[in-house]
Amino acid sequence: LADEEYVITFSPQKTEVFAESRSEEYGFAYQGWHHAYGKGHVVVFIPGHNSEVLFNPNITRYFNNIIHWMESL
């Protein structure tokens, strides 16, 4: 899939990464992660923002899996 790639900086030692991307322009970037925060959890998933990406069956599956995982906590 092609879309604008977000490049985010954070501390991967305190976070569990579940999605990554690679591109010629930016190299390696984290695209999905979660970590505990207080009594809860924070989940970040940034696959892109155009309709081709957001409605892609693989991305939709990712969203559904994230929601089901969060419901199980």
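A residue is called buried when its relative accessible area is under 20%, and by that cut-off buried residues make up 23% of the 73 residues in this protein. The model is a predicted one, and its secondary structure comes to 2 helices and 3 strands, which follow one another from the N terminus in the order β-β-β-α-α.

**Overall form**
- Taken along the principal axes, the box filled by the C-alpha atoms of the protein is roughly 35 × 25 × 15 Å.
- The accessible surface of the protein comes to about 5,500 Å², and 54% of that surface belongs to carbon and sulfur atoms.
- Among the contacts in the protein with a separation of 6 or more, 34% are accounted for by residues 24 or more positions apart.

**The largest pocket**
- Rolling a probe the size of a water molecule over the atoms shows where empty space is left.
- In this model the largest pocket holds about 380 Å³ of space, and the elements that give two or more residues to its lining are β1 (16–23) and α2 (57–72).
- The lining of the largest pocket is made up of 19 residues, and those that lie nearest the centre of the pocket are L1, E20, S21, Q31 and P47.
- Strand β1 provides the largest share of this lining, namely 5 residues.
- Sorted by class, the lining of the largest pocket has 10 nonpolar, 4 polar and 5 charged residues.

**S21, a residue of the pocket lining**
- S21 is found in strand β1, and it is one of the lining residues that lie nearest the centre of the largest pocket.
- Because its relative accessibility is 18%, S21 counts as buried, the cut-off for that class being under 20%.
- The side chain of S21 makes a polar contact, at 3.1 Å, with the side chain of Q31, and Q31 is likewise among the residues nearest the centre of the largest pocket.
- When neighbours within four places in sequence are left aside, the residues in contact with S21 are E5, G27, F28, A29 and Q31.

**T15, in the segment before β1**
- T15 has its place in the segment before β1, and because its relative accessibility is 13%, T15 counts as buried.
- Once neighbours within four places in sequence are set aside, T15 is in contact with F10, W33, H34 and H35.

Note on methods:
Residues are numbered from 1 along each chain as its sequence is written. This is a predicted model: local features need pLDDT of at least 70, side-chain atom pairs count only at pLDDT 80 or more; totals for chains, interfaces and linings use all residues. Side-chain values use heavy atoms; hydrogens and water are left out. On a 1 Å grid over the protein atoms alone, a cavity is a set of points where a 1.4 Å probe fits but cannot get out, and a pocket is an open set with protein on both sides within 12 Å along at least five of seven lines; lining residues have an atom within 4 Å of a point. Grid points are joined across faces, edges and corners, and a volume is the space filled by probe spheres set on the points. Helices (H or I, at least four residues) and strands (E, at least two) are DSSP runs, numbered from the N terminus. Ala, Val, Leu, Ile, Met, Phe, Trp, Tyr, Cys and Pro count as nonpolar, Asp, Glu, Lys and Arg as charged, and the others, Gly among them, as polar. Buried means under 20% relative accessible area, exposed over 50%, partly exposed in between (1.4 Å probe, protein chains only). Contact means heavy atoms within 4.5 Å. A polar contact is a pair of N or O atoms within 3.5 Å; within protein, one must be able to donate a hydrogen and the other to accept it, and residues adjacent in sequence count only if both atoms are side-chain atoms. Accessible areas come from the Shrake-Rupley method with a 1.4 Å probe; for residues, only the protein chains shown count as cover.
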